[in-house]
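Below is a short briefing on one protein chain, grouped by topic.

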Amino acid sequence: MALTSLVVGALVAAAVAAAGPAAATAAGGYWHTSGSRILDENNQRVRLAGINWYGFETADKVVHGLWNTDYRTIVDGIKASGYNVIRLPFSNDVVEHPVVPAAVGFYGQDGPVNTDLKGLDSLGVMDHIIDYAGQIGLKVNLDDHRSEAGNSAEQNGLWHTPEYPESAWVNDWTTLARRYGDNPAVIGADLRNEPHTPAGGEYGDGATWGTGNPATDFRLAAQKAGNAILAVNPHWLISVEGISDYVSDDGVADSDWWGGNLQGVKEHPLTLDVPDQLAYSPHDYGPSEFPQSWFNSQTTYDSLTAVWQKNWGYLADEDIAPVWVGEFGVPNADVAGTAPGSEGQWFSSLVEYLKNKPQLGWTYWALNGEDRYGLLDSQYRSTPDSAAKQALLATIQAPAGTTTTHGGTLAGNRGFTHRRRAAPFLVSADPPPWPAPLRLRPLCTPPSGSARTERETPRSSPASPPCRPRSGSIR
């Protein structure tokens, strides 16, 4: 028999207490940065420790679970489980073409639900969720997940499409910055979900970093959109994800998950017109997404941390900017795995890494009960579906020695270096100058076919041994 919500809530609270003080509430104002730290309006350290709740980016144009559960019940459950931020994905489509969503129900198991959402369009529903989150002490970080409404990241790997050009992307962000400019529950903008090189493509076909090509250089685009947002709302955190593949100035190519590769920041830093508002937000996944080369019988905690340090951990260690892992997730059945190269080893290692480096923030993917990584069950009951997974996540909600509202010594390894691993790409001889993209010829092709459902659209960087599909589920 399932535990009652009261009992599970007590167990969760005990787990959080064992790990350290409870997660912060959103009482107060906006957040900003200093070096590798995120600070609240009182200049006290904050650990961003949150959850993704998706749906506004899909064809439903509304967060999922509202078909039989009141939105306040879901938000209450997020807080009760110890999270302090909701990462809320949306599409440009929903900003420009909101609808009265059909996926909102008004009667649940215990009676009427969502009665104050009747007749509201998608953005009206978003308003109510954000307002209620702020009322109970939670923050919201908005995530531009894709252009057209649909599942997963934009398949072209860019922040623009023919229907939604870059100008629309920037305008939609400024629209939201104005809409929520007086609401400190919204702490900022995750500018674009998972820029990458498309599956089977070559570097330059999708997102690049530091190439100077305005059609593909995500660094230039992030600066443009970030500055446009800050001109409207100078208080927002501007979070920038990585790309999938990066070619250094000396021609060395390397690959990571979509949105996970931030190596280019070292050679081509990003600056904004308003200081102390920039953070970076990579994504990371385990072998159930794809058997990356670093998942094998020799995988250890140290070998995994070397990958993370190389791609994004160095940004926090060298006090360049705050880092928060915007997505990572594990199926319930794999939480307890320990075999080298397994999903369980990867997940527990990442949790341990975040525990050892409490200056790093995170948002787990995802709350959604229909997701294979979901925290809740398919009925969106407030009790986390896997007590083991929730207990692990609770250990990094507020690490020992720190709180999310008060200062403390943040531990972490300083000065770690790791030689960049050259990815198995061949750079074509005498590549044409910009604006033609730098061409990388992949040495293999992606595997054909997929057992994924339509809610598990693969996301991949270009074909290379091993070819790198990206995340499952809707992401």
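What is the accessible surface of the protein chain, and what share belongs to carbon and sulfur atoms? The accessible surface is about 16,800 Å², and carbon and sulfur atoms hold 55% of it (Shrake-Rupley method, 1.4 Å probe; for residues, only the protein chains shown count as cover). This is a predicted model, in which local features need pLDDT of at least 70, side-chain atom pairs count only at pLDDT 80 or more, and totals for chains, interfaces and linings use all residues. Residues are numbered from 1 along each chain as its sequence is written, and side-chain values use heavy atoms, without hydrogens and water.

**Confidence**
- The average pLDDT (the predictor's confidence in each residue, from 0 to 100) is 83 for the protein chain, with 78% of the residues scoring at least 70.
- Residues 1–27 have a pLDDT below 50, and residues 399–475 stay under 50.
- Where pLDDT is low, the predicted coordinates should not be read in detail.

**Fold and burial**
- Of the 475 residues, 61% are buried (under 20% relative accessible area, 1.4 Å probe, protein chains only).

**Glu241**
- Glu241 sits in the loop between β10 (237–240) and β11 (245–247).
- Its relative accessible area is 0%, so Glu241 counts as buried.

Definitions and conventions: Contact = heavy atoms within 4.5 Å. Buried < 20%, exposed > 50% of the residue type's maximum accessible area, 1.4 Å probe, protein only. Helix = DSSP H or I, 4+ residues; strand = E, 2+ residues; numbered from the N terminus.
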